[in-house]
Amino acid sequence: ILSGNLGAATVELHYDPQILQPIACEADPAGSLDLALCNKDFDSDGIGTDVVRLNALSATGVSGEIDLAGITFRAIGSDGSSSILELIADTFATTSGNPLAPAINDGKTLIYSQRLFLPVQH
């Protein structure tokens, strides 16, 4: 929940590319912002893709509870593997350019397989 008017944001979601593969990123799913771009293949270090990056702008600002992006991952890790999801707000500022301090909670994914047992007919 934003306590100020968000005018600009650059946010990165870091993950383990051996465990997860981003397959879709929908920027600003509710259409609250003037411009929002999501790059699921952002190469932050020139070595490989391990970051989903979002850039967003609002001329009048937005506040309250908004979804900046909806990101879908494919699990490619082995059973029992996990990946930290680290969220970094490079830029989070009001329409006046004053910094905002977002409350960030990192996440973690755990890969596990599900087994389906079907009856056998003779």
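Predicted model: local features only at pLDDT ≥ 70, side-chain atom pairs only at ≥ 80, totals over all residues.
Buried here means a relative accessible area under 20%. I start with that cut-off because Y15, with a relative accessible area of 6%, counts as buried by it.

Confidence first. The mean pLDDT of the protein is 89, with 91% of the residues at 70 or more. Confidence is highest in β2, at a mean of 95, and lowest in β1, at 87.

Now to Y15 and its partner. The count of aromatic pairs comes to one. That pair is Y15 with F73, in an edge-to-face arrangement: the ring centres are 5.3 Å apart and the planes are at 65°. Where do the two residues sit in the chain? Y15 is in the loop between β1 and β2, and F73 is in strand β5, residues 69-75, so the pair links parts of the chain 58 residues apart. Y15, as I said, is buried. F73 is partly exposed, with a relative accessible area of 23%.

Next, the cysteines. How many disulfides does a search of the whole structure find? It finds one. The bond is between C25 and C38, and the model puts their sulfur atoms 1.6 Å apart. The torsion about the S-S bond of C25 and C38 is about 75°, so this disulfide is right-handed. C25 belongs to strand β2, residues 20-27, and C38 to strand β3, residues 35-42, so the bond ties together parts that are 13 residues apart in sequence. Are these cysteines buried or exposed? C25 counts as buried, at 18% relative accessibility, while C38 is partly exposed, at 23%.

On to the interior. In soluble globular proteins, nonpolar side chains tend to be buried together. In this model the largest nonpolar core has eleven residues, including L6, V11, L33, L54, A56, V62 and F92. Strands β1, residues 2-14, and β4, residues 51-64, each supply at least two residues of this core. A separate core of eight residues lies apart from it, with L13, L20, V52 and L85 among them.

Leaving out residues up to four places away in sequence, A56 touches G7, A8, A9, L33, L35 and A36.

S58 is in strand β4, and at 6% relative accessibility it counts as buried. With the sequence neighbours up to four places away left out, S58 touches L6, G7, L33, D34 and T95.

T10 counts as buried, at 13% relative accessibility. Which residue does the side chain of T10 meet in a polar contact? That residue is N55, and the side chains are joined by a contact of 2.9 Å. Again without residues up to four places away in sequence, T10 touches R53, L54 and N55, and also I88, A89, D90 and T91.

Conventions
Residues numbered from 1 in each chain as written. Heavy atoms only, no water. Disulfide = S-S within 2.5 Å. Helix = DSSP H or I, 4+ residues; strand = E, 2+ residues; numbered from the N terminus. Buried < 20%, exposed > 50% of the residue type's maximum accessible area, 1.4 Å probe, protein only. Core = buried A, V, L, I, M, F, W, Y, C linked by side-chain atoms within 4.5 Å. Contact = heavy atoms within 4.5 Å. Polar contact = N/O pair within 3.5 Å; in protein donor to acceptor, adjacent residues only side chain to side chain. Phe/Tyr/Trp six-rings, centres within 6.5 Å; stacked < 30°, edge-to-face > 60°. pLDDT = per-residue confidence, 0-100.
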